[in-house]
Amino acid sequence: MSDISQAPIESTGLAYPFDRVPEPAEMMEVAPGIHWVRMPLPFQLDHINLWLLEDGDGWTVVDTGVASDEVKALWRQVFQTGLKGKPVTGLVVTHLHPDHVGLAGWFTRKWGIELRMSRTDFLMCRNLVLDTGRDAPQEALDFYRAAGFSERGLESYRKRFGNFGERVSRLPDIFRRLREGDKLTIGGRRWRVVVGSGHAPEHVCLYCEEDRILISGDQVLPRISSNVSLHPTEAYENPLEDWIESCKRIRANLPGDVLVLPAHNEPFYGLHERLTQLVDGHEDGLSKLLDMLDEPKRAIDVFPALFKRKIGPEVFFMATGESLAHLNCLIGRGLATVSRDEKGVNWYRRA
């Protein structure tokens with residue numbers, strides 16, 4: 001399971017200040033008291049960047065990696081060799097996806113600390129974990145049938161349903177909520193919470209105005225575009241419009257010369273350029289998608305408008321979710337309509 005869309009969006013005009021990436025379990029300082037750790041992922045996207053902020057007599061960790069024996073072993077190396085003998089005293093999770101929240105419960109129990117994240121993502125994560133061991137609900141099967149899935153595709157969905165919780169350690173029963181505009185003091189720095197939406201319901205970024213540093217999670221990535229998908233639980237929502245508006249709001253409210261510390265790829269300069277590229281890339285996809293709807297199409301028919309690569313089984317569900325998000329965005333803008341046939345399949349047309 002990967003968070004990241006396979007739709008490449010050009011990332012020209014950015015500057016990358018570091019000429020290497022850290023080895024697993026290595027702590028690489030990117031600014032005074034801010035350290036970069038890179039952990040492996042068992043997905044097509046094979047890494048995640050995690051951030052350790054030195055905080056007086058302890059450390060605050062931002063994101064955790066997936067719950068796996070391999071990642072736990074690497075963290076133990078960090079604890080033994082990288083923390084200067086000081087404990088982990090704080091934990092911030094940017095959003096609900098397993099590569100970010102996977103070991104949050106393990107951290108809170110090991111170090112006796114609180115988890116800080118947004119309310120919506122905490123509660124949705126707990127809800128998704130509860131699907132582990134359940135049969136796929138009929139409403140979800142109807143959702144993917146409407147998208148154009150064959151019986152074989154629906155059977156594949158049945159088999160993978162509930163796997164979200166496999167890479168998430170048991171979450172704590174309480175947490176401390178983060179919301180837009182909250183201020184955190186960590187290591188003498190003042191960090192402001194900046195919230196985005198679309199990739200996750202309530203994605204937390206941390207911005208230090210004094211030092212011009214943004215810990216962006218998956219909200220802003222330099223070389224790939226974060227997956228923005230429609231899911232059965234919110235089948236009628238418009239996450240892509242949320243995503244586009246989030247990118248515009250962050251571009252308007254933060255300066256362009258910040259050092260961006262993303263969850264994937266490398267730290268970079270060029271925040272405004274990248275946000276513009278992300279917005280323009282999705283708007284271009286929407287335009288191409290609308291042109292395809294001169295003739296009725298199912299969600300699985302419109303991949304060529306949005307993806308430059310062939311969509312294989314490994315990303316088929318992700319691509320379907322992205323296609324549905326773009327189609328709902330066109331419907332939300334009044335540019336497309338949808339009707340369901342007698343077989344339960346949705347057909348999309350230009351309005």
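Lys and Arg are counted here as positive and Asp and Glu as negative, while His and the chain ends are left out. On that basis the chain carries 43 positive and 50 negative charges, and their mean positions lie 2 Å apart. All views below show a predicted model.

**Figure 1. Overview of the chain, with 10 helices and 15 strands.** The radius of gyration is 20 Å, close to the 20 Å given by the globule rule for 351 residues, so the chain is as compact as a globular protein of that length. Along the principal axes, the C-alpha atoms fill a box of roughly 65 × 45 × 35 Å. Of the 351 residues, 57% count as buried. The accessible surface comes to about 15,100 Å², and carbon and sulfur atoms account for 48% of that area. Among contacts between residues at least 6 apart in sequence, 67% join residues at least 24 apart.

**Figure 2. The largest nonpolar core, made up of 54 residues.** Tyr157, Leu240 and Leu271 have the most contacts inside this core. At least two core residues come from each of α5 (138-147), α6 (151-160), β10 (203-208), α7 (239-253), α8 (271-292), α9 (303-306) and α10 (316-332). Another core, of 37 residues, lies apart from it and includes Val78, Leu83, Leu91 and Leu115. In soluble globular proteins, nonpolar side chains tend to be buried together.

**Figure 3. Surroundings of Leu271, one of the residues with the most contacts inside the largest core.** Residues up to four places away in sequence are not counted in this view. Beyond them, Leu271 touches Leu214, Val220, Leu254, Pro255, Gly256, Val258 and Val260.

**Figure 4. Helix α5 and the elements that cover its buried residues.** Ala140, Leu141, Phe143, Tyr144, Ala146 and Ala147 are buried in α5. The cover over these buried residues includes α6, α10, β14 (336-340) and β15 (346-350). After α5 comes Gly148, with a positive phi near 115 degrees.

**Figure 5. Helix α3 (residues 104-111) and its packing partners.** The buried residues in α3 are Ala104, Gly105, Trp106, Phe107 and Thr108. They pack against β4 (58-62), α1 (69-81), β5 (88-92), α2 (98-101) and β6 (115-117). Gly112 follows α3 and has a positive phi, near 65 degrees.

**Figure 6. Asp63 and Arg212, two non-glycine residues with positive phi.** Most residues other than glycine have a negative phi. Asp63 lies in the loop between β4 and α1, and its phi is about 70 degrees. Asp63 is buried, because its relative accessible area of 2% falls under the 20% cut-off. Arg212 sits in the loop between β10 and β11 (213-217), with a phi of about 55 degrees. Arg212 is partly exposed, because its relative accessible area of 34% lies between the 20% and 50% cut-offs.

**Figure 7. Ala15, in the segment before β1 (28-31).** Ala15 is partly exposed, with a relative accessible area of 38%. Leaving aside neighbours within four places in sequence, Ala15 is in contact with Pro267, Phe268 and Tyr269. Between Ala15 and Gly153 the C-alpha to C-alpha distance is 42 Å, and the two are 138 residues apart in sequence.

Conventions:
Residues are numbered from 1 along each chain as its sequence is written. This is a predicted model: local features need pLDDT of at least 70, side-chain atom pairs count only at pLDDT 80 or more; totals for chains, interfaces and linings use all residues. Side-chain values use heavy atoms; hydrogens and water are left out. Helices (H or I, at least four residues) and strands (E, at least two) are DSSP runs, numbered from the N terminus. The radius of gyration is taken over C-alpha atoms; the globule rule is 2.2 Å times the number of residues to the power 0.38. Buried means under 20% relative accessible area, exposed over 50%, partly exposed in between (1.4 Å probe, protein chains only). Contact means heavy atoms within 4.5 Å. Accessible areas come from the Shrake-Rupley method with a 1.4 Å probe; for residues, only the protein chains shown count as cover. The place of a charge is taken as NZ of Lys, CZ of Arg, CG of Asp or CD of Glu. A nonpolar core is a set of buried Ala, Val, Leu, Ile, Met, Phe, Trp, Tyr and Cys residues joined through side-chain atoms within 4.5 Å.
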